[in-house]
Amino acid sequence: MKTTKELSLDIVYGVHAVTESLEANTGNKLYIQDDLRGKNVDAIKALAAEKKVSISWTPKKTLSDMTGGAVHQGFVLRVSEFAYSELSVIMDKAELEENPLVLILDGLNDPHNFGSILRTADATQVTGVIIPKHRAVGVTPVVAKTSTG
């Protein structure tokens, strides 16, 4: 089983994270648990077809191996690796806002905490989040899953 540090950074998993990534056109290949049925399967299959993302029916164990044993709800999506913005881009965007709020996070190492902060930042219309390149967690599959919902 892979640990969080060994997980590929180009996957997201779980119903909400997969749906949001498909809607954002970042999905490349969708893996669905081969014995899974129901409305979530139908909705995500339809969205993948609309976005022209190929689907692979995959055993549950393989999905669990891909996610390091995390709760994947039967869905794993290979995505384009997260594209970070430069500080100047974030600051230019902030200048256009009437009352910008930019979060600066330093030394944050827990992906669950980072995901929760991002979810709250989105809900409160934060203009940008600044994180260091080193000695901090980046956008990982765990962060993506925790930040959705």
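Two strands are said to pair if DSSP finds at least two bridges between them. Helices (H or I, at least four residues) and strands (E, at least two) are DSSP runs, numbered from the N terminus. On that basis, strand 1 (residues 11-13) pairs with strand 4 in the antiparallel sense over 3 bridges. This is a predicted model, in which local features need pLDDT of at least 70, side-chain atom pairs count only at pLDDT 80 or more, and totals for chains, interfaces and linings use all residues. Residues are numbered from 1 along each chain as its sequence is written, and side-chain values use heavy atoms, with hydrogens and water left out.

- An open sheet of 4 strands has the order 1-4-2-3, with mixed pairing.
- Strand 1 and strand 3 (54-58) are the edge strands, each pairing on one side only.
- From one strand to the next, the twist averages 25 degrees.

**Strand 4**
- Strand 4 (residues 75-79) is largely enclosed by the rest of the structure, because 4 of its 5 residues are buried (under 20% relative accessible area, 1.4 Å probe, protein chains only).
- Strand 2 (residues 27-33) runs antiparallel to strand 4 and is joined to it by 5 bridges.
- Arg78 in strand 4 stands opposite Ile11 and also opposite Lys29.

**Helices on the sheet**
- Helix 1 (residues 15-23) lies across strand 1, strand 2 and strand 4, at about 35 degrees to strand 4.
- Helix 2 (residues 39-50) packs on the sheet and touches strand 2, strand 3 and strand 4 (contact means heavy atoms within 4.5 Å).
- The direction of helix 2 makes about 145 degrees with that of strand 3.
- Axes are lines fitted to C-alpha atoms, for helices over the stretch in contact, and angles run from 0 to 180 degrees between N-to-C directions.

Note on methods:
Buried < 20%, exposed > 50% of the residue type's maximum accessible area, 1.4 Å probe, protein only.
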